[in-house]
Amino acid sequence: AAVTRGSRDAVVYAAPETMAPDAKPQVGNDVYGLAMVLLLGFYGAPLPYWVMRDANRLVDELTLPSTLDQTLRACLDWSPDARPSSVDAITHAMLADAALAVRLADDALEAKQLATVERIVSSLEANSQAPADVSRLRMAIARVRASEGDPETAVATLSELARTASD
């Protein structure tokens with residue numbers, strides 16, 4: 001049977017252990033796959049064929065915040081037992097860098113994924129990071145809610161911003 005390009009490309013994102021005939025699903029498979037998808041996003045182009053053998057070589061070519069760099073490397077470990085035990089480690093690493101978190105929030109805001117924006121904003125607030133961006137993002141959330149016919153929530157958000165600003 002012929003191998004289609006799509007199925008060949010999908011192999012790049014699969015954890016190495018999933019290629020074994022007796023492979024069983026495990027969290028480490030998903031952690032590896034998510035790390036590969038993130039690598040694709042940060043690289044900004046189709047992944048080179050050699051990334052299957054040496055994903056860290058590609059991480060070396062990128063300029064990433066150190067926490068994210070270290071987390072991606074751990075997630076891309078060939079041994080599933082050496083990988084983080086959940087995707088939460090990736091989320092934490094991405095939100096630990098304020099500039100990256102704000103960029104992700106802006107992207108989520110553009111896609112009108114308000115719950116994601118709110119989660120990122122809450123993380124930034126909890127870490128006392130990027131207060132000006134937090135205010136800007138909260139205002140943007142309120143504008144989106146108002147434009148989508150949810151004026152009560154928009155007013156509540158704006159009231160909370162005003163109260164916070166006066167403290």
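**Helix packing and salt bridges**

Mentor: Helix 6 and helix 8 are roughly parallel to each other. The model is predicted.

Trainee: At what angle do the axes of helix 6 and helix 8 cross?

Mentor: Two packed helices are described by the angle between their axes and the distance between the axes. Take the distance first: the axes of helix 6 (residues 98-110) and helix 8 (residues 131-147) come within 11 Å. Angles under 35 degrees count as roughly parallel. The crossing angle here is roughly 10°.

Trainee: Which residues of helix 8 does helix 6 meet?

Mentor: Helix 6 brings Val102, Ala105, Asp106 and Leu109 to the contact. By class, the contact has 7 nonpolar, no polar and 3 charged residues. On the helix 8 side, the residues are Asp133, Arg136, Leu137, Ala140, Ile141 and Val144.

Trainee: Which side chain meets Asp106 in a salt bridge?

Mentor: Side chains of opposite charge can pair when their charged atoms come close. Asp106 lies in helix 6 and its partner in helix 8, so the pair ties together parts that are 30 residues apart in sequence. The N to O distance is 2.9 Å. The partner is Arg136.

Trainee: Are Asp106 and Arg136 buried, exposed or partly exposed?

Mentor: Buried means under 20% relative accessible area, and exposed means over 50%. Asp106 has 27% relative accessibility. Arg136 has 35%. Asp106 therefore counts as partly exposed, and Arg136 also counts as partly exposed.

Trainee: How many salt bridges does the structure hold?

Mentor: Asp106 with Arg136 is one of them. Glu17 with Arg83 is another. The structure holds 6.

Trainee: How many residues apart in sequence are the parts that Glu17 and Arg83 tie together?

Mentor: The closest N and O atoms of this salt bridge are 2.7 Å apart. Both residues are buried. Glu17 lies in the loop between helix 1 (5-10) and helix 2 (27-43), and Arg83 in the loop between helix 4 (66-75) and helix 5 (88-96), so the parts tied together are apart by 66 residues.

Trainee: Which residues do salt bridges that share partners join into one network?

Mentor: Shared partners bring in Asp69. The network joins Asp60, Asp69 and Arg73.

Methods. Residues are numbered from 1 along each chain as its sequence is written. This is a predicted model: local features need pLDDT of at least 70, side-chain atom pairs count only at pLDDT 80 or more; totals for chains, interfaces and linings use all residues. Side-chain values use heavy atoms; hydrogens and water are left out. Axes are lines fitted to C-alpha atoms, for helices over the stretch in contact, and angles run from 0 to 180 degrees between N-to-C directions. Helices (H or I, at least four residues) and strands (E, at least two) are DSSP runs, numbered from the N terminus. Angles under 35 degrees count as roughly parallel, over 145 as roughly antiparallel, 65 to 115 as roughly perpendicular and the rest as oblique. Contact means heavy atoms within 4.5 Å. Ala, Val, Leu, Ile, Met, Phe, Trp, Tyr, Cys and Pro count as nonpolar, Asp, Glu, Lys and Arg as charged, and the others, Gly among them, as polar. A salt bridge is a side-chain nitrogen of Lys or Arg within 4 Å of a carboxyl oxygen of Asp or Glu. Buried means under 20% relative accessible area, exposed over 50%, partly exposed in between (1.4 Å probe, protein chains only).
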